[in-house]
Amino acid sequence: MAPLKKSKKMRLFLGIGYSPSTAVRRLLDELQSVEQSQAREFKTTPVGNLHVTLKFLGPVPEAEVTRLIDVMESGVSAREPFAANLSGPGCFSNSLWLGLEKNEQWSALCEMAAELEAGMASAGFPPETRSYRPHLTVARFKPGLRLKLSELMDRYSGVNWGTLPVHAIHLYRSETLSEGPRYSILHTVKLKTSPAD
């Protein structure tokens with residue numbers, strides 16, 4: 001009998017894609033100038049990689065992708081589309097981000113993430129131990145650079161960043177390349193009555 005082949009694994013996550021507003025593009029342009037002067041310590045998120053993560057899955061066997069898609073379908077296809085207001089900026093120890101205004105739409109996003117989390121857990125995927133904090137990462141940096149960003153954060157506080165339209169979720173594949181991470185969409189599930197693309 002021939003030995004069973006091991007299923008290839010892919011690093012996956014669920015997220016919401018984002019096309020930047022004028023204000024966010026202006027911020028990204030300024031962050032790129034920071035990157036040029038501190039390339040070893042600071043990296044701006046490429047426009048094509050902008051997203052809000054709903055659930056990080058990590059390495060998943062290819063054979064499990066169909067089961068993942070079933071959970072995505074049951075978790076969001078009956079939900080109405082909405083738009084959440086962006087706010088911020090803010091910092092974690094190694095990243096600069098825009099958050100979401102805590103209102104009814106923020107609650108809807110957190111509820112959707114919780115439903116997906118519960119569905120993934122019941123399907124056998126490892127549960128997330130940290131509380132969900134929706135955010136849009138616009139740059140990553142080495143710890144210690146945070147203090148140097150305080151002036152930039154002060155200048156951009158109170159800016160109207162626009163909204164995050166939520167009309168579909170994506171299953172993303174994450175690959176680490178020499179030039180940085182690359183995210184590609186493997187599958188998309190639209191929310192109920194989503195507008196045509």
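I began with T44: setting aside neighbours within four places in sequence, T44 is in contact with L28, L31, Q32, E35, V138 and A139, where contact means heavy atoms within 4.5 Å. The model is predicted, so I note that local features need pLDDT of at least 70 and side-chain atom pairs count only at pLDDT 80 or more, while totals for chains, interfaces and linings use all residues. Residues are numbered from 1 along each chain as its sequence is written, and side-chain values use heavy atoms, with hydrogens and water left out.

**Entry 1: T44**

I placed T44 in strand β2 (residues 42-44). For such elements I use DSSP runs numbered from the N terminus, with helices being H or I of at least four residues and strands E of at least two. T44 counts as buried because its relative accessibility is 10%; buried means under 20% relative accessible area, exposed over 50%, and partly exposed in between (1.4 Å probe, protein chains only). I also looked up what the T44 side chain reaches, and found the backbone oxygen of L31 at 3.3 Å. This is a polar contact, that is, a pair of N or O atoms within 3.5 Å; within protein, one must be able to donate a hydrogen and the other to accept it, and residues adjacent in sequence count only if both atoms are side-chain atoms.

I found G58 in strand β3 (residues 51-61). G58 is buried, at a relative accessible area of 2%. Leaving aside neighbours within four places in sequence, G58 is in contact with M10, R11 and L12. I then checked G58 against W106, 48 residues away along the chain, and noted 25 Å between their C-alpha atoms.

L100 belongs to strand β5 (residues 95-100). L100 is buried, with 7% relative accessible area. Beyond neighbours within four places in sequence, the contacts of L100 are A84, N85, L86, S87, W106, L109, P134 and L164. Between L100 and Y156, 56 residues apart along the chain, the C-alpha atoms are separated by 15 Å.

**Entry 2: helix α3**

Helix α3 (residues 104-122) has 19 residues and reaches 27 Å from its first C-alpha to its last, close to the expected 27 Å, the expected span being 1.5 Å times one less than the number of residues. After α3 comes G124, whose phi is positive, near 100°. Which residues of α3 are buried? I listed A108, L109, C110, M112, A113, L116, E117, G119 and M120.

**Entry 3: cis peptide and cysteines**

The peptide bond from G88 to P89 is cis, with omega near 15°. I located P89 in strand β4 (residues 82-91). Most peptide bonds are trans.

I searched for disulfides, defined as pairs of cysteine sulfur atoms within 2.5 Å, and the structure holds zero. Of the cysteines I looked up, C91 is buried at 11% relative accessible area, and C110 is buried at 18%.

**Entry 4: salt bridges**

How many salt bridges does the structure hold? I recorded eight, a salt bridge being a side-chain nitrogen of Lys or Arg within 4 Å of a carboxyl oxygen of Asp or Glu.

E128 is partly exposed at 33% relative accessibility, whereas R130 is exposed at 64%.

The side chains of E151 and R155 also meet in a salt bridge, at 3.8 Å from N to O. Because E151 and R155 are four residues apart in helix α4 (residues 150-156), about one helical turn separates them. E151 is exposed at 60% relative accessibility, and R155 is partly exposed at 43%. I traced a network of salt bridges that links E30, E151 and R155.

R182 forms a salt bridge with E175, with closest N and O atoms 3.1 Å apart. R182 is partly exposed, at 43% relative accessible area.

**Entry 5: confidence**

The mean pLDDT of the protein is 89, and 92% of its residues reach 70 or more; pLDDT is the predictor's confidence in each residue, from 0 to 100. Over residues 1-5 I noted pLDDT below 50, and this stretch has zero contacts in the model beyond near neighbours in sequence.
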